[in-house]
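Please read the following walk-through with the sequence and the structure side by side. It goes from one element to the next in plain terms.

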Amino acid sequence: MRAIVAAAGAAYAVSLVASDRPDAPGLAWARDHDLATWARSPHGIGKPAYETALDAALRKAGAEIVALAGYMRLLSDTFVAAWRGRIVNIHPSLLPLYKGLDTHARAIAAGDAEAGCSVHVVTEELDGGAVLGQARVPILAGDTPDTLAARVLIEEHRLYPRILAEFAAR
């Protein structure tokens, strides 16, 4: 999220930083940087009510694109349909490889020579939308999921803002 905010400018503006975790450190950072925030936990209200409130907050803020960053919750088909073609996400693998979780461990276990990250359009299929861009990172001898994740994260911070700017300019 910080990399997206830092790169905002002519191509896109950040109208809202939203989270399903009211205690997320990124929210405090966003408020400290005078960004509008919204937070609500879906616990106790259910997914449909949570997504209705999120949708309303995004629309009230004037959002045109939803850029997911660290959002580890599956969006419903209804929410995705309401924002069809306007939700993007960063995923820590070279899609279509290793959809879902534990991507770094899976790439290492498979003996892959490289890993990386992908920015993709969100669809109803988990990590299944069109890939907009990728960055590759070599898997080094002795890599662990944590060491590989740290190198991939550096590339995520480079890739996502650039691809988001290109996507917003369309």
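## A walk through the model

At 72% relative accessibility, Asp34 counts as exposed, because the cut-off for exposed is over 50%. The model is a predicted one. Asp34 lies in the loop between H2 and E2, and H2 is the element that Asp34 follows. The phi of Asp34 is near 60 degrees, a positive value in a residue other than glycine. Most residues other than glycine have a negative phi, and most peptide bonds are trans.

Asp127 is a second residue to look at for its backbone. Phi of Asp127 is near 50 degrees, again positive in a residue other than glycine. Asp127 sits in the loop between E5 and E6. Is Asp127 buried or exposed? With 10% relative accessibility, Asp127 counts as buried, because buried means under 20%. Leu126 also has its place in the loop between E5 and E6, and at 44% relative accessibility Leu126 counts as partly exposed. Leaving out residues up to four places away in sequence, Leu126 touches Leu74, Lys99 and Gly100. Leu126 and Gly100 are 26 residues apart along the chain, and their C-alpha atoms are separated by 7.1 Å.

The peptide bond from Leu95 to Pro96 is cis, with omega near 15 degrees.

Now go back to helix H2, which spans residues 25–32. Which residues of H2 are buried? They are Leu27, Trp29 and Ala30. Seen down the axis of H2, these buried residues fall within an arc of 160 degrees, so they line one face of the helix. The face turned away from the buried side of H2 carries the exposed residues Pro25 and Asp32. On the buried side, the residues of H2 pack against helix H1 (2–7), E1 and strand E2 (37–39).

At 12% relative accessibility, Asp20 counts as buried. What does the side chain of Asp20 make a polar contact with? The partner is the side chain of Arg73, at 2.7 Å. Not counting residues up to four places away in sequence, Asp20 touches Arg40, Ser41, Pro42, Tyr50, Tyr71 and Arg73.

Gly70 has its place in the loop between E3 and helix H4 (77–82). At 67% relative accessibility, Gly70 counts as exposed. The C-alpha atoms of Gly70 and His91 are separated by 9.1 Å, and the two residues are 21 residues apart along the chain.

The next element is helix H6, residues 145–169. H6 has 25 residues and reaches 35 Å from its first C-alpha to its last, close to the 36 Å expected at 1.5 Å a residue. H6 also bends, by about 25 degrees at Glu156. Glu156 is one of the buried residues of H6, and among the others are Leu148, Val152, Glu155, Leu159, Tyr160 and Pro161. Ile163, Leu164 and Phe167 are buried in H6 as well. What do the buried residues of H6 pack against? The list includes H1, strand E3 (66–68) and helix H5 (103–109). It also includes strands E4 (87–91), E5 (114–121) and E6 (131–138).

In soluble globular proteins, nonpolar side chains tend to be buried together. In this model the largest nonpolar core has 21 residues, and those with the most contacts inside it are Val119, Leu132 and Leu159. The elements that give two or more residues to this core are E4, E5, E6 and H6. H6 gives the most to this core, with seven residues. Leu132 shows some of the packing in detail: leaving aside neighbours within four places in sequence, Leu132 is in contact with Val88, Val119, His120, Val121, Ile163, Phe167 and Arg170. A second, separate core has 17 residues, including Ala57, Leu58, Ala63 and Phe79.

How values were computed. Residues numbered from 1 in each chain as written. Predicted model: local features only at pLDDT ≥ 70, side-chain atom pairs only at ≥ 80, totals over all residues. Heavy atoms only, no water. Helix = DSSP H or I, 4+ residues; strand = E, 2+ residues; numbered from the N terminus. Buried < 20%, exposed > 50% of the residue type's maximum accessible area, 1.4 Å probe, protein only. Polar contact = N/O pair within 3.5 Å; in protein donor to acceptor, adjacent residues only side chain to side chain. Contact = heavy atoms within 4.5 Å. Arc of directions from axis to C-beta. Expected span 1.5 Å × (residues − 1). Bend = angle between axes of the 7 residues up to and from the residue. Core = buried A, V, L, I, M, F, W, Y, C linked by side-chain atoms within 4.5 Å.
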